[in-house]
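Colleague: I would like to go through this model with you. Shall we take it one question at a time?

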Number of protein chains: 2
Amino acid sequence: MPADSAAARPYHHGQLRDALVDAGLQLARTGGPDAVVLRAVTRAAGVSHNAAYRHFADRDSLLRAVCERCMSRLATLMEQRIAEAEPHADPQDAAWARLGAVGRAYVEFATTEVGWFRTAFAVPDAAEAFHPTEGVGPGGLGPYDLLSAGLDELVAAGAIPAERRPGLEYAAWSAVHGLSTLLIDGPLRALPAAEREQALTVVLDSVSRGL
Amino acid sequence: MPADSAAARPYHHGQLRDALVDAGLQLARTGGPDAVVLRAVTRAAGVSHNAAYRHFADRDSLLRAVCERCMSRLATLMEQRIAEAEPHADPQDAAWARLGAVGRAYVEFATTEVGWFRTAFAVPDAAEAFHPTEGVGPGGLGPYDLLSAGLDELVAAGAIPAERRPGLEYAAWSAVHGLSTLLIDGPLRALPAAEREQALTVVLDSVSRGL
DNA sequence: GTGGCGATGTTGACACTGGCAACATTGACG
DNA sequence: CGTCAATGTTGCCAGTGTCAACATCGCCAC
(Lines give C-alpha, C1' and ligand atoms only; values in the text may rest on other atoms or scores of the structure.)
Protein backbone atom coordinates (compact mmCIF):
# COMPACT_ATOMS: atom_id res chain seq x y z
CA MET A 1 0.00 0.00 0.00
CA PRO A 2 2.66 2.57 0.78
CA ALA A 3 3.91 3.60 -2.65
CA ASP A 4 7.11 4.32 -0.85
CA SER A 5 10.78 4.39 -1.64
CA ALA A 6 12.16 2.81 -4.76
CA ALA A 7 9.97 -0.05 -5.84
CA ALA A 8 9.71 -1.86 -2.51
CA ARG A 9 9.88 -5.51 -3.51
CA PRO A 10 6.56 -7.19 -3.31
CA TYR A 11 5.31 -8.95 -0.26
CA HIS A 12 5.59 -12.23 -2.06
CA HIS A 13 9.06 -12.99 -3.23
CA GLY A 14 8.06 -15.30 -6.04
CA GLN A 15 11.22 -17.34 -6.35
CA LEU A 16 12.02 -17.70 -2.70
CA ARG A 17 12.82 -21.36 -2.70
CA ASP A 18 15.50 -21.02 -5.33
CA ALA A 19 16.77 -17.83 -3.75
CA LEU A 20 17.21 -19.62 -0.44
CA VAL A 21 19.11 -22.49 -1.96
CA ASP A 22 21.30 -20.05 -3.85
CA ALA A 23 22.04 -18.15 -0.69
CA GLY A 24 22.77 -21.40 1.09
CA LEU A 25 25.16 -22.40 -1.66
CA GLN A 26 26.95 -19.09 -1.29
CA LEU A 27 27.32 -19.52 2.44
CA ALA A 28 28.37 -23.14 2.13
CA ARG A 29 31.09 -22.21 -0.32
CA THR A 30 33.14 -20.44 2.30
CA GLY A 31 31.83 -21.92 5.51
CA GLY A 32 30.81 -25.48 4.72
CA PRO A 33 27.55 -27.05 5.84
CA ASP A 34 27.62 -25.41 9.25
CA ALA A 35 27.41 -22.02 7.59
CA VAL A 36 24.04 -22.88 6.11
CA VAL A 37 22.21 -21.18 8.93
CA LEU A 38 18.52 -20.59 8.50
CA ARG A 39 18.59 -17.02 9.65
CA ALA A 40 21.65 -16.12 7.61
CA VAL A 41 20.11 -17.68 4.53
CA THR A 42 16.83 -15.83 4.90
CA ARG A 43 18.68 -12.61 5.67
CA ALA A 44 20.66 -13.02 2.45
CA ALA A 45 17.43 -13.51 0.56
CA GLY A 46 16.05 -10.34 2.09
CA VAL A 47 13.24 -12.09 3.84
CA SER A 48 12.20 -12.73 7.42
CA HIS A 49 13.66 -15.73 9.17
CA ASN A 50 10.53 -17.79 9.25
CA ALA A 51 9.73 -17.46 5.57
CA ALA A 52 11.92 -20.48 4.88
CA TYR A 53 9.41 -22.73 6.61
CA ARG A 54 6.97 -22.20 3.75
CA HIS A 55 9.40 -24.03 1.46
CA PHE A 56 11.35 -26.37 3.72
CA ALA A 57 10.18 -28.45 6.63
CA ASP A 58 13.23 -27.52 8.66
CA ARG A 59 16.87 -26.57 8.36
CA ASP A 60 17.91 -30.10 7.42
CA SER A 61 15.54 -30.04 4.54
CA LEU A 62 17.07 -26.85 3.20
CA LEU A 63 20.54 -28.21 3.81
CA ARG A 64 19.71 -31.32 1.81
CA ALA A 65 18.80 -29.17 -1.16
CA VAL A 66 22.08 -27.31 -0.86
CA CYS A 67 24.02 -30.58 -0.55
CA GLU A 68 22.51 -31.83 -3.74
CA ARG A 69 23.59 -28.71 -5.58
CA CYS A 70 27.11 -29.16 -4.25
CA MET A 71 27.18 -32.74 -5.45
CA SER A 72 26.04 -31.45 -8.80
CA ARG A 73 28.97 -29.08 -8.92
CA LEU A 74 31.30 -31.96 -8.25
CA ALA A 75 29.74 -34.01 -11.02
CA THR A 76 30.03 -31.06 -13.36
CA LEU A 77 33.73 -30.59 -12.71
CA MET A 78 34.31 -34.30 -13.18
CA GLU A 79 32.52 -34.31 -16.52
CA GLN A 80 34.55 -31.33 -17.59
CA ARG A 81 37.87 -32.92 -16.67
CA ILE A 82 36.89 -36.15 -18.37
CA ALA A 83 36.12 -34.27 -21.53
CA GLU A 84 39.50 -32.56 -21.34
CA ALA A 85 41.38 -35.82 -20.79
CA GLU A 86 44.25 -36.29 -23.17
CA PRO A 87 43.28 -38.34 -26.20
CA HIS A 88 45.00 -41.65 -26.84
CA ALA A 89 44.97 -43.92 -29.82
CA ASP A 90 45.07 -47.02 -27.68
CA PRO A 91 41.66 -47.53 -26.05
CA GLN A 92 43.31 -48.83 -22.89
CA ASP A 93 45.43 -45.74 -22.56
CA ALA A 94 42.39 -43.59 -23.20
CA ALA A 95 40.40 -45.39 -20.53
CA TRP A 96 43.20 -45.03 -18.00
CA ALA A 97 43.51 -41.35 -18.80
CA ARG A 98 39.82 -40.82 -18.28
CA LEU A 99 39.79 -42.68 -14.99
CA GLY A 100 42.74 -40.63 -13.84
CA ALA A 101 40.86 -37.49 -14.80
CA VAL A 102 37.93 -38.65 -12.67
CA GLY A 103 40.15 -39.10 -9.66
CA ARG A 104 42.04 -35.88 -10.14
CA ALA A 105 38.84 -33.93 -10.59
CA TYR A 106 37.51 -35.36 -7.36
CA VAL A 107 40.49 -34.24 -5.32
CA GLU A 108 40.72 -30.98 -7.21
CA PHE A 109 37.16 -30.15 -6.28
CA ALA A 110 37.74 -31.09 -2.67
CA THR A 111 40.80 -28.91 -2.31
CA THR A 112 39.65 -25.91 -4.33
CA GLU A 113 36.02 -25.84 -3.20
CA VAL A 114 36.44 -27.06 0.32
CA GLY A 115 33.16 -25.72 1.61
CA TRP A 116 31.17 -27.19 -1.23
CA PHE A 117 32.90 -30.54 -0.99
CA ARG A 118 32.25 -30.78 2.72
CA THR A 119 28.65 -29.81 2.12
CA ALA A 120 28.16 -32.32 -0.67
CA PHE A 121 28.82 -35.12 1.81
CA ALA A 122 27.13 -33.57 4.81
CA VAL A 123 23.69 -34.75 3.80
CA PRO A 124 21.55 -34.88 6.93
CA ASP A 125 20.06 -38.18 7.91
CA ALA A 126 16.62 -39.34 6.88
CA ALA A 127 18.35 -39.67 3.57
CA GLU A 128 17.04 -43.18 3.48
CA ALA A 129 19.41 -44.49 0.86
CA PHE A 130 21.94 -43.81 -1.83
CA HIS A 131 20.12 -42.11 -4.67
CA PRO A 132 22.35 -42.01 -7.71
CA THR A 133 19.83 -39.83 -9.48
CA GLU A 134 20.51 -36.89 -7.22
CA GLY A 135 23.31 -34.43 -7.55
CA VAL A 136 24.04 -35.07 -11.18
CA GLY A 137 25.97 -33.00 -13.68
CA PRO A 138 24.90 -31.69 -17.09
CA GLY A 139 25.18 -35.19 -18.53
CA GLY A 140 22.67 -36.53 -16.03
CA LEU A 141 25.28 -38.64 -14.27
CA GLY A 142 26.42 -38.35 -10.68
CA PRO A 143 30.01 -38.69 -9.46
CA TYR A 144 29.43 -42.35 -8.71
CA ASP A 145 28.11 -43.01 -12.21
CA LEU A 146 31.08 -41.29 -13.79
CA LEU A 147 33.49 -43.39 -11.81
CA SER A 148 31.54 -46.52 -12.60
CA ALA A 149 31.56 -45.72 -16.28
CA GLY A 150 35.32 -45.23 -16.16
CA LEU A 151 35.81 -48.66 -14.67
CA ASP A 152 33.48 -50.23 -17.20
CA GLU A 153 35.51 -48.68 -19.96
CA LEU A 154 38.67 -50.25 -18.57
CA VAL A 155 37.03 -53.66 -18.53
CA ALA A 156 35.70 -53.16 -22.04
CA ALA A 157 39.16 -52.18 -23.21
CA GLY A 158 40.61 -55.31 -21.64
CA ALA A 159 42.71 -53.46 -19.09
CA ILE A 160 40.95 -55.16 -16.21
CA PRO A 161 39.72 -58.76 -16.18
CA ALA A 162 35.96 -58.80 -15.94
CA GLU A 163 35.93 -61.20 -13.01
CA ARG A 164 37.63 -58.63 -10.84
CA ARG A 165 35.25 -55.86 -11.82
CA PRO A 166 32.63 -56.21 -9.03
CA GLY A 167 33.15 -53.76 -6.23
CA LEU A 168 36.02 -51.90 -7.78
CA GLU A 169 34.14 -48.63 -7.33
CA TYR A 170 34.72 -49.04 -3.64
CA ALA A 171 38.46 -49.21 -4.09
CA ALA A 172 38.80 -46.21 -6.34
CA TRP A 173 36.22 -44.10 -4.60
CA SER A 174 37.57 -44.79 -1.15
CA ALA A 175 41.06 -43.80 -2.17
CA VAL A 176 40.22 -40.41 -3.63
CA HIS A 177 37.59 -39.67 -1.04
CA GLY A 178 39.91 -40.58 1.79
CA LEU A 179 42.73 -38.49 0.43
CA SER A 180 40.35 -35.58 0.00
CA THR A 181 39.00 -35.66 3.52
CA LEU A 182 42.42 -36.22 5.05
CA LEU A 183 43.69 -33.20 3.15
CA ILE A 184 40.91 -30.80 3.98
CA ASP A 185 39.59 -31.90 7.35
CA GLY A 186 42.04 -34.46 8.61
CA PRO A 187 45.60 -34.60 9.84
CA LEU A 188 46.98 -33.84 6.38
CA ARG A 189 45.40 -30.39 6.52
CA ALA A 190 48.76 -28.72 6.97
CA LEU A 191 50.55 -30.61 4.19
CA PRO A 192 52.43 -28.20 1.91
CA ALA A 193 51.33 -28.01 -1.71
CA ALA A 194 54.26 -29.95 -3.07
CA GLU A 195 53.65 -32.91 -0.81
CA ARG A 196 49.98 -32.74 -1.61
CA GLU A 197 50.80 -33.25 -5.24
CA GLN A 198 53.05 -36.18 -4.37
CA ALA A 199 50.36 -37.69 -2.21
CA LEU A 200 47.84 -37.41 -5.02
CA THR A 201 50.23 -39.02 -7.46
CA VAL A 202 51.01 -41.88 -5.11
CA VAL A 203 47.36 -42.48 -4.40
CA LEU A 204 46.30 -42.48 -8.03
CA ASP A 205 49.21 -44.68 -9.08
CA SER A 206 48.52 -47.12 -6.35
CA VAL A 207 44.84 -47.26 -7.20
CA SER A 208 45.59 -47.95 -10.83
CA ARG A 209 48.03 -50.68 -9.99
CA GLY A 210 45.61 -52.19 -7.54
CA LEU A 211 42.49 -52.37 -9.67
CA MET B 1 28.40 -24.65 55.38
CA PRO B 2 25.14 -26.53 55.51
CA ALA B 3 26.18 -30.01 56.63
CA ASP B 4 23.17 -31.08 54.67
CA SER B 5 22.01 -34.13 52.81
CA ALA B 6 24.36 -36.96 51.98
CA ALA B 7 27.91 -35.67 51.86
CA ALA B 8 27.32 -32.68 49.61
CA ARG B 9 30.31 -32.77 47.29
CA PRO B 10 32.79 -30.07 48.05
CA TYR B 11 32.73 -26.73 46.36
CA HIS B 12 35.93 -27.61 44.56
CA HIS B 13 35.62 -30.66 42.40
CA GLY B 14 39.27 -31.58 42.42
CA GLN B 15 39.47 -33.58 39.21
CA LEU B 16 37.22 -31.46 37.10
CA ARG B 17 39.36 -31.33 34.02
CA ASP B 18 39.49 -35.08 33.65
CA ALA B 19 35.86 -35.39 34.58
CA LEU B 20 34.92 -33.00 31.81
CA VAL B 21 36.92 -34.86 29.20
CA ASP B 22 35.43 -38.14 30.37
CA ALA B 23 31.95 -36.73 30.09
CA GLY B 24 32.77 -35.37 26.65
CA LEU B 25 34.02 -38.77 25.59
CA GLN B 26 30.79 -40.33 26.75
CA LEU B 27 28.70 -37.84 24.81
CA ALA B 28 30.88 -38.11 21.73
CA ARG B 29 30.49 -41.87 21.72
CA THR B 30 26.85 -41.73 20.78
CA GLY B 31 26.53 -38.28 19.29
CA GLY B 32 29.85 -37.52 17.67
CA PRO B 33 31.68 -34.22 18.03
CA ASP B 34 28.52 -32.13 17.86
CA ALA B 35 27.31 -33.79 21.04
CA VAL B 36 30.24 -32.40 22.97
CA VAL B 37 28.21 -29.46 24.18
CA LEU B 38 29.70 -27.37 26.95
CA ARG B 39 26.57 -27.23 29.00
CA ALA B 40 25.84 -30.92 28.63
CA VAL B 41 29.39 -31.79 29.59
CA THR B 42 29.36 -29.63 32.70
CA ARG B 43 25.92 -30.94 33.59
CA ALA B 44 27.23 -34.50 33.38
CA ALA B 45 30.11 -33.56 35.64
CA GLY B 46 27.64 -32.11 38.13
CA VAL B 47 29.03 -28.64 37.89
CA SER B 48 27.80 -25.28 36.69
CA HIS B 49 28.09 -24.47 33.02
CA ASN B 50 30.88 -21.94 33.34
CA ALA B 51 33.18 -24.07 35.45
CA ALA B 52 34.68 -25.48 32.27
CA TYR B 53 36.27 -22.14 31.52
CA ARG B 54 38.68 -22.63 34.41
CA HIS B 55 40.20 -25.56 32.53
CA PHE B 56 39.60 -24.84 28.86
CA ALA B 57 39.80 -21.61 26.95
CA ASP B 58 36.64 -22.40 25.04
CA ARG B 59 34.58 -25.24 23.70
CA ASP B 60 37.05 -25.98 20.92
CA SER B 61 39.76 -26.45 23.45
CA LEU B 62 37.72 -29.02 25.33
CA LEU B 63 36.75 -30.69 22.09
CA ARG B 64 40.39 -30.96 21.11
CA ALA B 65 41.10 -32.86 24.32
CA VAL B 66 38.23 -35.21 23.59
CA CYS B 67 39.39 -35.71 20.01
CA GLU B 68 42.80 -36.74 21.21
CA ARG B 69 41.30 -39.34 23.49
CA CYS B 70 39.27 -40.70 20.61
CA MET B 71 42.39 -40.95 18.48
CA SER B 72 43.97 -42.81 21.33
CA ARG B 73 41.16 -45.30 21.35
CA LEU B 74 41.68 -45.88 17.65
CA ALA B 75 45.39 -46.43 18.19
CA THR B 76 44.64 -48.84 21.00
CA LEU B 77 42.32 -50.97 18.91
CA MET B 78 44.85 -51.02 16.10
CA GLU B 79 47.61 -52.20 18.44
CA GLN B 80 45.33 -54.88 19.76
CA ARG B 81 44.40 -56.18 16.32
CA ILE B 82 48.03 -56.13 15.24
CA ALA B 83 48.95 -58.22 18.24
CA GLU B 84 46.19 -60.66 17.39
CA ALA B 85 47.26 -60.96 13.76
CA GLU B 86 47.70 -64.50 12.61
CA PRO B 87 51.31 -65.65 12.89
CA HIS B 88 53.18 -66.69 9.78
CA ALA B 89 56.51 -68.39 9.32
CA ASP B 90 57.29 -66.35 6.23
CA PRO B 91 58.16 -62.79 7.26
CA GLN B 92 56.47 -61.43 4.16
CA ASP B 93 53.24 -63.19 4.98
CA ALA B 94 53.50 -61.96 8.54
CA ALA B 95 54.03 -58.40 7.43
CA TRP B 96 51.07 -58.57 5.06
CA ALA B 97 48.91 -60.00 7.80
CA ARG B 98 49.86 -57.22 10.16
CA LEU B 99 49.19 -54.51 7.59
CA GLY B 100 45.83 -56.08 6.88
CA ALA B 101 45.10 -56.05 10.58
CA VAL B 102 45.90 -52.34 10.67
CA GLY B 103 43.47 -51.62 7.89
CA ARG B 104 40.73 -53.83 9.27
CA ALA B 105 41.09 -52.33 12.71
CA TYR B 106 40.73 -48.85 11.24
CA VAL B 107 37.47 -49.64 9.52
CA GLU B 108 36.28 -51.72 12.43
CA PHE B 109 36.73 -48.80 14.76
CA ALA B 110 34.98 -46.45 12.37
CA THR B 111 31.94 -48.66 11.98
CA THR B 112 31.61 -49.87 15.56
CA GLU B 113 32.49 -46.62 17.33
CA VAL B 114 31.05 -44.18 14.86
CA GLY B 115 30.83 -41.27 17.26
CA TRP B 116 34.37 -41.68 18.47
CA PHE B 117 35.74 -42.07 14.97
CA ARG B 118 33.99 -38.95 13.78
CA THR B 119 35.26 -37.10 16.81
CA ALA B 120 38.82 -38.30 16.37
CA PHE B 121 38.98 -36.48 13.05
CA ALA B 122 36.88 -33.47 13.99
CA VAL B 123 39.69 -31.70 15.76
CA PRO B 124 38.97 -27.97 15.54
CA ASP B 125 41.29 -25.64 13.69
CA ALA B 126 44.20 -23.84 15.25
CA ALA B 127 45.61 -27.30 15.19
CA GLU B 128 48.70 -25.80 13.70
CA ALA B 129 50.09 -29.01 12.32
CA PHE B 130 50.10 -32.78 12.27
CA HIS B 131 51.37 -33.91 15.66
CA PRO B 132 52.12 -37.60 15.55
CA THR B 133 52.79 -37.55 19.28
CA GLU B 134 49.15 -36.95 20.11
CA GLY B 135 46.45 -39.53 20.35
CA VAL B 136 48.72 -42.50 20.84
CA GLY B 137 47.93 -45.95 22.13
CA PRO B 138 49.52 -47.88 25.00
CA GLY B 139 52.61 -48.48 22.88
CA GLY B 140 53.16 -44.76 22.46
CA LEU B 141 52.41 -44.88 18.74
CA GLY B 142 49.58 -43.15 16.91
CA PRO B 143 47.51 -44.66 14.09
CA TYR B 144 49.81 -43.09 11.54
CA ASP B 145 52.89 -44.55 13.17
CA LEU B 146 51.37 -48.00 13.26
CA LEU B 147 50.56 -47.85 9.58
CA SER B 148 54.01 -46.53 8.81
CA ALA B 149 55.63 -49.32 10.76
CA GLY B 150 53.58 -51.87 8.87
CA LEU B 151 54.80 -50.53 5.55
CA ASP B 152 58.40 -50.47 6.76
CA GLU B 153 58.07 -54.10 7.73
CA LEU B 154 56.93 -54.96 4.24
CA VAL B 155 59.93 -53.21 2.75
CA ALA B 156 62.26 -54.89 5.22
CA ALA B 157 60.75 -58.26 4.33
CA GLY B 158 61.31 -57.56 0.66
CA ALA B 159 57.63 -57.50 -0.23
CA ILE B 160 57.86 -53.94 -1.50
CA PRO B 161 60.80 -52.44 -3.37
CA ALA B 162 62.36 -49.71 -1.28
CA GLU B 163 62.28 -47.17 -4.08
CA ARG B 164 58.52 -47.24 -4.09
CA ARG B 165 58.24 -46.81 -0.34
CA PRO B 166 57.98 -43.00 -0.11
CA GLY B 167 54.45 -41.78 0.26
CA LEU B 168 52.83 -45.19 0.50
CA GLU B 169 51.19 -44.17 3.76
CA TYR B 170 49.03 -41.86 1.73
CA ALA B 171 47.79 -44.68 -0.43
CA ALA B 172 46.93 -47.07 2.38
CA TRP B 173 45.60 -44.46 4.74
CA SER B 174 43.44 -42.78 2.12
CA ALA B 175 41.84 -46.05 1.17
CA VAL B 176 40.78 -47.14 4.63
CA HIS B 177 39.89 -43.64 5.73
CA GLY B 178 37.83 -43.03 2.63
CA LEU B 179 35.97 -46.29 2.98
CA SER B 180 35.30 -45.51 6.62
CA THR B 181 33.87 -42.07 6.01
CA LEU B 182 31.84 -43.20 3.02
CA LEU B 183 30.37 -45.96 5.15
CA ILE B 184 29.46 -43.92 8.18
CA ASP B 185 28.79 -40.41 6.89
CA GLY B 186 28.72 -40.73 3.15
CA PRO B 187 26.53 -42.23 0.49
CA LEU B 188 27.44 -45.77 1.54
CA ARG B 189 25.72 -45.21 4.86
CA ALA B 190 22.85 -47.47 3.91
CA LEU B 191 24.97 -50.32 2.56
CA PRO B 192 23.86 -53.65 4.02
CA ALA B 193 26.35 -55.52 6.18
CA ALA B 194 27.18 -58.14 3.58
CA GLU B 195 28.12 -55.58 0.99
CA ARG B 196 30.10 -53.70 3.58
CA GLU B 197 32.23 -56.74 4.09
CA GLN B 198 32.69 -57.13 0.36
CA ALA B 199 33.64 -53.48 0.06
CA LEU B 200 36.20 -53.83 2.81
CA THR B 201 37.69 -56.89 1.18
CA VAL B 202 37.90 -55.24 -2.21
CA VAL B 203 39.50 -52.14 -0.75
CA LEU B 204 42.10 -54.03 1.25
CA ASP B 205 42.93 -56.35 -1.62
CA SER B 206 43.27 -53.50 -4.01
CA VAL B 207 45.49 -51.58 -1.62
CA SER B 208 47.78 -54.57 -1.16
CA ARG B 209 48.05 -55.13 -4.86
CA GLY B 210 48.71 -51.46 -5.46
CA LEU B 211 51.44 -50.85 -2.93
C1' DG C 1 46.77 -19.16 64.24
C1' DT C 2 45.29 -15.84 60.91
C1' DG C 3 44.91 -12.95 57.16
C1' DG C 4 45.11 -12.64 52.52
C1' DC C 5 45.35 -14.25 47.87
C1' DG C 6 45.13 -17.04 43.83
C1' DA C 7 42.73 -20.98 42.05
C1' DT C 8 38.40 -22.81 41.32
C1' DG C 9 33.29 -22.79 40.91
C1' DT C 10 28.67 -20.00 40.51
C1' DT C 11 25.19 -16.67 39.03
C1' DG C 12 23.47 -13.74 35.73
C1' DA C 13 23.44 -11.73 31.46
C1' DC C 14 23.93 -11.29 26.24
C1' DA C 15 23.58 -12.48 21.29
C1' DC C 16 22.77 -16.06 18.49
C1' DT C 17 20.32 -20.28 16.72
C1' DG C 18 16.17 -23.46 15.19
C1' DG C 19 11.43 -23.94 15.70
C1' DC C 20 6.40 -22.90 16.97
C1' DA C 21 2.05 -20.04 16.89
C1' DA C 22 -0.55 -16.33 15.55
C1' DC C 23 -1.21 -12.74 12.37
C1' DA C 24 -0.78 -10.04 7.70
C1' DT C 25 -0.75 -9.77 2.78
C1' DT C 26 -1.59 -11.29 -1.59
C1' DG C 27 -3.08 -13.53 -5.93
C1' DA C 28 -6.31 -16.74 -8.02
C1' DC C 29 -10.69 -18.40 -8.73
C1' DG C 30 -15.57 -18.62 -7.85
C1' DC D 1 -16.64 -8.71 -5.51
C1' DG D 2 -15.73 -12.24 -1.86
C1' DT D 3 -13.25 -16.10 -0.23
C1' DC D 4 -9.46 -18.90 0.53
C1' DA D 5 -5.06 -21.05 0.29
C1' DA D 6 -0.36 -19.83 -0.34
C1' DT D 7 3.15 -17.07 1.18
C1' DG D 8 5.60 -13.81 4.31
C1' DT D 9 5.94 -11.44 9.13
C1' DT D 10 6.10 -10.64 14.17
C1' DG D 11 6.72 -12.42 18.55
C1' DC D 12 8.09 -15.84 21.37
C1' DC D 13 10.64 -19.91 23.51
C1' DA D 14 14.40 -23.12 24.83
C1' DG D 15 19.05 -24.04 24.12
C1' DT D 16 23.93 -22.70 23.05
C1' DG D 17 28.78 -20.41 23.75
C1' DT D 18 30.82 -16.68 26.05
C1' DC D 19 31.74 -12.67 29.14
C1' DA D 20 31.68 -10.20 33.68
C1' DA D 21 30.96 -10.14 38.45
C1' DC D 22 30.69 -12.64 42.59
C1' DA D 23 31.42 -16.73 46.01
C1' DT D 24 34.15 -20.24 48.12
C1' DC D 25 38.06 -22.71 49.07
C1' DG D 26 43.15 -24.26 49.98
C1' DC D 27 47.58 -22.72 50.94
C1' DC D 28 51.39 -19.96 52.44
C1' DA D 29 53.62 -15.91 54.78
C1' DC D 30 53.53 -13.63 58.87
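Colleague: How many residues does the contact take from chain A and from chain B?

Modeller: This is a predicted model, where local features need pLDDT of at least 70, side-chain atom pairs count only at pLDDT 80 or more, and totals for chains, interfaces and linings use all residues. Residues are numbered from 1 along each chain as its sequence is written, and chains are lettered from A and ligands numbered from 1 in the order in which they are written. Two residues are in contact if their C-beta atoms, placed from the backbone, lie within 7 Å. On that basis, chain A gives 31 residues and chain B gives 30 residues.

Colleague: Which element gives the largest share of the side of chain A that touches chain B?

Modeller: Helices are DSSP runs of H or I with at least four residues, numbered from the N terminus. The largest share is twelve residues, and it comes from α7(A).

Colleague: How do the residues of that side divide into nonpolar, polar and charged?

Modeller: Ala, Val, Leu, Ile, Met, Phe, Trp, Tyr, Cys and Pro count as nonpolar, Asp, Glu, Lys and Arg as charged, and the others, Gly among them, as polar. The side of chain A that touches chain B then has 19 nonpolar, nine polar and three charged residues.

Colleague: By what turn can chain A be laid on chain B?

Modeller: Copies are superposed by least squares on the C-alpha atoms of residues with pLDDT of at least 70 in both. The RMSD is 0.0 Å, with a shift of 0.0 Å along the axis and a turn of 180 degrees. The copies are thus related as by a two-fold rotation axis.

Colleague: Are α7(A) and α8(A) roughly parallel or roughly antiparallel?

Modeller: Axes are lines fitted to C-alpha atoms, for helices over the stretch in contact, and angles run from 0 to 180 degrees between N-to-C directions. Here the axes are 10 Å apart and the angle is about 165 degrees. Angles under 35 degrees count as roughly parallel, over 145 as roughly antiparallel, 65 to 115 as roughly perpendicular and the rest as oblique. Therefore α7(A) and α8(A) are roughly antiparallel.

Colleague: Is A:V136 buried or exposed?

Modeller: A:V136 sits in the loop between α5 (114–120) and α6 (143–156) of chain A. A residue is buried if 20 or more other C-beta atoms, placed from the backbone, lie within 10 Å of its own, exposed if 12 or fewer, and partly exposed in between. A:V136 has 20 such atoms within 10 Å, so A:V136 is buried.

Methods
Helices (H or I, at least four residues) and strands (E, at least two) are DSSP runs, numbered from the N terminus.
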